Amino acid sequence: MSIERTELHDAAQKAFPADQLKPARETSWPLIAEMGWLLLPLPEDAGGLGLGRDSSAAIHFELGKVLSTAPLIPALLAVQALAAADELADQASWIERATTGELITTNLLPAAVEVTNSGSIVLSGTLPCVADADLASHVLVLAKGLAALVPLDAAGVTVTERKLWDESRRLFDVTLANHQVVPELVVARGEAAHEIAERLHGELQLALAAESLGGATAALAMTIEYLKTRKQFDRPLAMFQALKHRVADLKTRVVAAEALLWKRAVEAEATLVDLGAIKALASDVYRLVVEEAIQLHGGIGLTEEHPIHLFMKRAMLNLQLGESLDTWRERTGRQALAAFA
Amino acid sequence: MSDTTQLDTLRNEVRTWLAAHAPTGWREAYKTMSHAEFAQAQRDWFQTLVAGGYAVPHWPAGLAPGAGRSLAEQKVIYEELARADTPRLLLSFVSTYHAASTFLECGTEEQKARYLPAILEGETWCQGFSEPNAGSDLASLKCKAERQTRDGQEVYVINGQKVWSTMAQYADKCLLLVRTSSDGVKQAGITFLLMDMKAPGVSVRPIEQIQGDEEFCEMFLDDVVIPVTDRVGEEGKGWAVSQATLSSERGLTLMELTYKMRGALSRVAELIRKNGYEEDRGVLRDFGQLVTRCDEACAIADRFLQNRIDGHEGLGDASIVKNTYSRVLREFTLLGTRLGGIDEQYRAPIVYGDLTTGNWMADFMNSYAWTIAGGSEEVQRNIISERMLEMQREPKGWVL
């Protein structure tokens, strides 16, 4: 593990202690900005820390452990888009705003937005799974041949919250009805816009993968602790081999997936599909862990009072965000088939 | 020169050497060989590696050509062996790892001087540890050794049975665990001996496996005489010696095997094309999932080895690597068997000593070797849960 990454894990654990799940967004979002984490992927010449993907992933991993409610994932995507925004008027000031706590959000599932260009650029369509739109000033829209910022209070923009099973995350539908893009808010066009979209999609995969394995690690630790403490038949549940073996298998899956996560996180040559594959793996391992975690907690696992269900709901959501397990598995299969041609 | 440059130089050396010396077409050749011819091919490849200086890079410097390599350098050599898809050294494995590390860590100077050079000349060792009633619970072994004086010489006389001895039918010598006392805890009465496989009273019977290979043997020991000088460590202290034997392999084999498995995905890809599944989304998903699982197995084997190189291995880490590889190997061979359709149910020649041959039913059956041998999947789960995760152990002394 790199020194930077070790330090980031430690710093995040101190800022977000393991025993405080679902920390309030009102306090944790400013704390994240204060910690300087929004500067992590920003190149040094743009005033950032210029650290690799593994650094951001380390923070996402730790925030996954505590079921963070703060919109770090979309915020870091926006920062990276702005850093690459050749077309954007006043780029430096936008970067300044986005790295000091003004939230520019984006959609965590790809959207089909229609772009028409007759003198002015007009956008129509619905962006699903826009994170924390209630807190954001703008949404970054990635459409065919265009990346642009859209003010959430602009004409032709409707923001509708979609109530989730996972109450630790807030997602919105943002509907654009013939929204006229402000020319100064165009981030990139053509091939440059395509490159940004492709890169951000990959970054999203890695962020979700890291968050998922952080969550899986915490949910498994919570389950093991419960099994060691809870007694039935005059002994701790952890003594039953039938349960031990299930836990050992879960631990094996989490640790092995994590090894691949950190390997991919430092691979410059990792393709979008490689990153999608690690997200598919990580979210599926998260699903497996929480599925078992509820069962191993028994009756208490079905109560609202016990927090283990929160991890289950986050895991199920992560399976879908950034595109589904099936989608990424199929693409991984196609990529490998082509590679072994 | 920096470490990285040194490793790159070594990598180039090994790659160049392998390009000239690695056996080609061995997979096809192994299919038509008898098991004895396979053993000979293994001896030949081992001697080529000895001459090249790549057979025992893990031995201390000065004991063999190319010995004294760091673990990081050994990793490079194994990566290149996997990359070149060379045959695994099944026949000499116990000799170069288990036997050698036993002598190096616990042997007398005479034993080292006598046995280590012989290994390089092709003397092969097998392991006589497991017994029909001592598998996962190895310490309960019963093979009996009685100390006697015969013709003025102090000897042990051995009676008992051993099983699962890999390639014992071709071995010259055997690392043997015997019981010299039944007093005290079961580990206390175990003694470690070196047995000549040609000694009177040793009979070896290969065990025919479900896929048709004969990789393992059972051994019957009937009044076999072993001089007391052929003991490693003290009498009754053999259990500790056996732990040195079993910990000799430092994660290199699993790294080599996971990388080979990753490479063998090409065989699944061939199968997908052959059977016209290129646009079958269900098949593509299953293949994609397997690809990621193989990457995962490589990543964990790599990380484990790197942790060892860096000097921080944790309790249970090795169990996680083994259980990951063995499970992914099962998934791998099952997918091949499934995609191959009825063709895989028609008996086809097996390739000895390889795990991902493309004879899918045979590969599937062979994959059990990895979930059962070398500490079963279940034993590894106990290690992970009890030692790594510190889940409470069951009380001892339970009586039926």
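Author: Helices here are DSSP runs of H or I with at least four residues, numbered from the N terminus. The model is a predicted one. By that numbering, α2(A) is followed by G36(A), whose phi is positive, near 85 degrees.

Reader: Which residues of helix α2 of chain A are buried?

Author: Buried means under 20% relative accessible area. In helix α2, residues 25–34 of chain A, the residues that are buried are R25(A), S28(A), W29(A), I32(A) and A33(A).

Reader: Which exposed residues does the face of α2(A) turned away from its buried side carry?

Author: Exposed residues have over 50% relative accessible area. On the face of α2(A) turned away from the buried side, the exposed residues are E26(A), T27(A) and E34(A).

Reader: Is R169(A) buried or exposed?

Author: R169(A) lies in the loop between β6 (157–162) and β7 (171–180) of chain A. Leaving aside neighbours within four places in sequence, its contacts include I73(A), E211(A) and R314(A). The cut-off for a buried residue is under 20% relative accessible area. R169(A) has a relative accessible area of 11%, and is therefore buried.

Reader: Which side chain does a polar contact of 2.9 Å join to that of R169(A)?

Author: Among the residues in contact with R169(A), beyond four places in sequence, are L317(A), N318(A) and L321(A). The polar contact of 2.9 Å joins the side chain of R169(A) to that of N318(A).

Reader: How much area do chain A and chain B bury between them?

Author: The contact takes 35 residues from chain A and 43 residues from chain B. K244(A), L337(A) and F340(A) supply 19% of the area that chain A buries against chain B, more than any other three residues. Carbon and sulfur atoms account for 63% of the total buried between the two chains, which is about 3500 Å².

Reader: How many salt bridges are counted between chain A and chain B?

Author: One salt bridge joins the side chains of R381(B) and D249(A), at 2.8 Å from N to O. Between chain A and chain B, the count of salt bridges is eight.

Reader: Which helix gives the largest share of the side of chain A that touches chain B?

Author: Helices α6 (190–229), α7 (241–265), α8 (272–297) and α10 (325–339) of chain A each supply at least two residues of that side. The largest share, 16 residues, comes from α7(A).

Methods
Residues numbered from 1 in each chain as written. Chains lettered and ligands numbered in written order. Predicted model: local features only at pLDDT ≥ 70, side-chain atom pairs only at ≥ 80, totals over all residues. Heavy atoms only, no water. Contact = heavy atoms within 4.5 Å. Buried area = accessible area lost by both parts, 1.4 Å probe. Salt bridge = Lys/Arg side-chain N within 4 Å of Asp/Glu carboxyl O. Buried < 20%, exposed > 50% of the residue type's maximum accessible area, 1.4 Å probe, protein only. Polar contact = N/O pair within 3.5 Å; in protein donor to acceptor, adjacent residues only side chain to side chain.
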